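Please take a moment to look over the sequence and the model below before reading on. The paragraphs after them are meant to be read with the structure open beside you.

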Amino acid sequence: MSVIILSQELKVKKEQILLDSTPIAKLVKTKGTYVFQNLDGKPVFSMNVIYSKLDEDTRDNYILLKDPNKPENKGIELNYDVSSAFANDEKIVVQNAYKYGFLNSKGIEIEKVNKIFNDSNYKRELSANKLAIIEANKRVKDFNLFVNVNGEILKGGDKGTKVGHLTGIVTPFYNVDNHIVDKNSVVTIYDNNNNKIGEFYTMLNQIKLTNGNSYKFDTIAPVTYRQVINRLIKLDNNFGN
């Protein structure tokens, strides 16, 4: 990206995209979406930056590419680069439209745009770390956690199968999302065979598992039992199986 910006000046002025001071396309912003148009005003494609997280620690921001002439389509996710940590959304979409070859010195390269629009198998690449997080999130969803008033951990909702239990909590308790407010408490998680799976140290805001994995919650607010167990599910592939 830096090579592109250094060798050719790409900017937007009065809804015109300029490459080395020459107009090549138009850019119209509508409700956070940037519509790229030919110089005659015909819309060709749109982009907007989606800011999202895979979990508490990992962002997964991307560009959503859409055909403004087919608003019913869901759109295509694109990875993006930024030339500066302070780049705003307008700069991000314009620079990446150039990077993907949608823009060139002659204007909008419709063939490059249509190539992605017409590729039903196109998917943006994700790092191994992000793919692992997605898989862990799926395990949490499939687990469908429920903790009953006695601290028993159920898989499959309130009528599911018992897979373990908690100690170090005051039972019975009546809300699975109760925050763990006692800074001196240690919550211990066991499986059905009474094998210790891990412990949550409230003072440290950290969960440590017997398999060697650990996680520290980056928050000053008290975490909940649900947060602790869901994190355990992510850290231990075998829990509940």
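This is a predicted model: local features need pLDDT of at least 70, side-chain atom pairs count only at pLDDT 80 or more; totals for chains, interfaces and linings use all residues.

We begin with the aromatic rings. A pair of such rings is described by the distance of the centres and the angle of the planes. In this structure there are six aromatic pairs, and one of them joins Phe 36 to Phe 45, whose rings are stacked with 4.4 Å from centre to centre and 10 degrees between the planes. Both of these residues, Phe 36 and Phe 45, are buried. Another stacked pair is made by Phe 143 and Phe 239, with centres 5.9 Å apart and planes at 10 degrees to each other. This second pair links distant parts of the chain, since Phe 143 belongs to helix α4 (residues 128–143), while Phe 239 is found in the segment after α5 (225–235), 96 residues apart from its partner. Phe 143 and Phe 239 are, once again, both buried. If you now return to Phe 36 and Phe 45, you will find that ring pairs link them with Tyr 100 and Phe 102 into a cluster.

Rings can also be looked at together with charged side chains. Arg 231 lies over the face of Tyr 215, at 3.8 Å from the ring centre, and Lys 208 lies over the face of Tyr 201, at 5.6 Å from the ring centre.

The largest pocket holds about 440 Å³ of space, and its lining is made up of 17 residues, with Gly 75, Ile 76, Glu 77, Asp 119 and Tyr 122 lying nearest the centre. Among the elements that contribute to this lining, β7 (76–78) and α3 (110–117) each supply at least two residues.

Leaving aside neighbours within four places in sequence, Lys 11 is in contact with Gln 16, Ile 17 and Leu 18. Thr 22, which is eleven residues from Lys 11 in sequence, is 9.9 Å from it in space, taken from C-alpha to C-alpha.

Terms used: Residues are numbered from 1 along each chain as its sequence is written. Side-chain values use heavy atoms; hydrogens and water are left out. Rings of Phe, Tyr and Trp (its six-membered ring) pair if their centres lie within 6.5 Å; planes under 30 degrees apart count as stacked, over 60 as edge-to-face and the rest as tilted. Buried means under 20% relative accessible area, exposed over 50%, partly exposed in between (1.4 Å probe, protein chains only). Helices (H or I, at least four residues) and strands (E, at least two) are DSSP runs, numbered from the N terminus. A charge sits over a ring if NZ of Lys or CZ of Arg is within 6 Å of the ring centre and within 35 degrees of the ring normal. On a 1 Å grid over the protein atoms alone, a cavity is a set of points where a 1.4 Å probe fits but cannot get out, and a pocket is an open set with protein on both sides within 12 Å along at least five of seven lines; lining residues have an atom within 4 Å of a point. Grid points are joined across faces, edges and corners, and a volume is the space filled by probe spheres set on the points. Contact means heavy atoms within 4.5 Å.
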